[in-house]
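Hello,

Here is the structure I promised to pass on to you. Have a look at it first, and then read on for what turned up in it.

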Amino acid sequence: MAYDNTCKYLAENYPGDFARWLLASDTSDIQVLKTELNLEPIRADSVTFLQIANQILHLEFQTTPKSKTSLDFRMLDYYTRLKREYWCDIEQVLIFLQPTSSEIVFNTQYVDKKTRHEYRVIRLWEEDPAPLLANPALLPLATLARTDSPADLLTQVATAVDMIEETDERQNISACVQVLAGLRFDKSLITQLFREEIMQESVIYQDILQKGLQQGLQQGLQQGQEQGKKQEALQLILRLLTRRFDAIESEIEQQIRTLSITQLEELAEALLDFSSQSDLVNYLGNIFLPQPNQED
């Protein structure tokens with residue numbers, strides 16, 4: 001996630017540079033859109049929307065092609081939401097950071113029986129590094145560009161970073177370079193060319209740490225809520241069974257405790273039809289019945 005968040009930071013803090021790179025647009029009338037696009041928002045931290053005059057540039061960065069919702073459909077979904085909200089021209093660019101042979105990174109459209117939606121795909125490892133090296137805001141992406149000599153390319157990036165005059169900007173770009181370079185280079189080479197303390201002092205480094213903590217906290221809370229829900233369901237089931245059959249054998253209770261929330265909810269409905277504890281035993285037996293060998 002640190003890689004995607006780094007790219008999002010770059011796009012939102014240097015929108016003009018990304019517009020010039022991807023749209024050949026020199027306009028300064030650019031606004032970063034903060035929107036959930038109504039309905040249920042899609043969970044994708046690497047998404048950035050830039051409104052450029054009467055056009056929206058939708059940027060999405062992917063470290064890998066893996067996604068809970070297929071990327072081609074996600075691009076269509078975002079397009080329809082953006083169109084409904086702003087009703088203007090929309091340019092969508094899906095940028096893959098890390099080399100892969102997956103067919104997904106070569107797909108540039110969503111195709112259904114009666115629907116076809118196209119979008120642009122950039123595979124950074126195929127991109128000419130020259131335009132990226134020429135722009136300080138794009139130097140982090142240059143570390144992942146096409147080259148026959150990766151070490152020389154990283155040295156060029158390090159030299160270009162050192163030439164950035166403004167201290168805060170140099171620190172932040174250096175931090176972004178080091179984060180993205182980690183997708184391609186050994187840490188030892190990165191630390192040879194960049195000072196680690198500069199990275200730690202940068203805004204983007206602190207932002208990545210903060211987002212990592214927030215995401216960890218959210219995941220912990222979600223897991224805690226799920227565990228709490230299961231515990232409540234389990235206690236209710238055991239209370240109902242005890243009331244219905246007086247006592248439950250310890251072996252049966254142990255089996256019940258291993259059930260998922262969904263299985264507990266199904267058991268809560270099924271037990272209304274149980275007339276004896278043997279019905280419960282048979283019900284659980286079907287759940288824990290060994291699965292047939294698929295190779296036979």
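Predicted model: local features only at pLDDT ≥ 70, side-chain atom pairs only at ≥ 80, totals over all residues.

His 117 belongs to strand E6, which covers residues 116–118. Its side chain makes a polar contact of 2.6 Å with the side chain of Gln 92. If neighbours within four places in sequence are set aside, His 117 touches Met 75, Leu 76, Tyr 79, Gln 92, Thr 108, Gln 109 and Tyr 110.

Now for the chain as a whole. It has 13 helices and seven strands, and 42% of its 296 residues are buried. Its accessible surface comes to about 17,200 Å², with 46% of that belonging to carbon and sulfur atoms. Taking the contacts between residues at least 6 apart in sequence, 64% join residues at least 24 apart.

Next, the aromatic rings. The structure holds five aromatic pairs. One of them is formed by Phe 18 and Phe 61, edge-to-face, with 6.2 Å centre to centre and 85 degrees between the planes. Phe 18 sits in helix H2 (residues 15–23) and Phe 61 in strand E3 (residues 55–62), so this pair links distant parts of the chain, 43 residues apart. Both of these residues, Phe 18 and Phe 61, are buried.

Phe 49 and Tyr 78 also form an edge-to-face pair, at 5.5 Å centre to centre and 65 degrees between the planes. Because Phe 49 lies in strand E2 and Tyr 78 in helix H3 (residues 71–86), the pair ties together parts that are 29 residues apart in sequence. Phe 49 counts as buried at 5% relative accessibility, and Tyr 78 counts as buried at 5% too.

Ring pairs also link Phe 18, Trp 21 and Phe 61 into a cluster. Elsewhere, Lys 83 lies over the face of Trp 87, at 5.5 Å from the ring centre.

Finally, a look at Ile 52, which lies in strand E2 (residues 47–52). Is Ile 52 buried or exposed? At 4% relative accessibility, Ile 52 is buried, because buried means under 20%. Leaving out neighbours within four places in sequence, its contacts are Ala 19, Leu 23, Ser 25, Thr 27, Asp 29, Ile 30 and Leu 57. Ile 52 and Ile 90 are 38 residues apart in sequence, and their C-alpha atoms are 9.9 Å apart in space.

Notes: Residues numbered from 1 in each chain as written. Heavy atoms only, no water. Helix = DSSP H or I, 4+ residues; strand = E, 2+ residues; numbered from the N terminus. Polar contact = N/O pair within 3.5 Å; in protein donor to acceptor, adjacent residues only side chain to side chain. Contact = heavy atoms within 4.5 Å. Buried < 20%, exposed > 50% of the residue type's maximum accessible area, 1.4 Å probe, protein only. Areas by Shrake-Rupley, 256 points an atom, 1.4 Å probe, with all protein chains shown as cover. Phe/Tyr/Trp six-rings, centres within 6.5 Å; stacked < 30°, edge-to-face > 60°. Lys NZ or Arg CZ within 6 Å of the ring centre and 35° of its normal.
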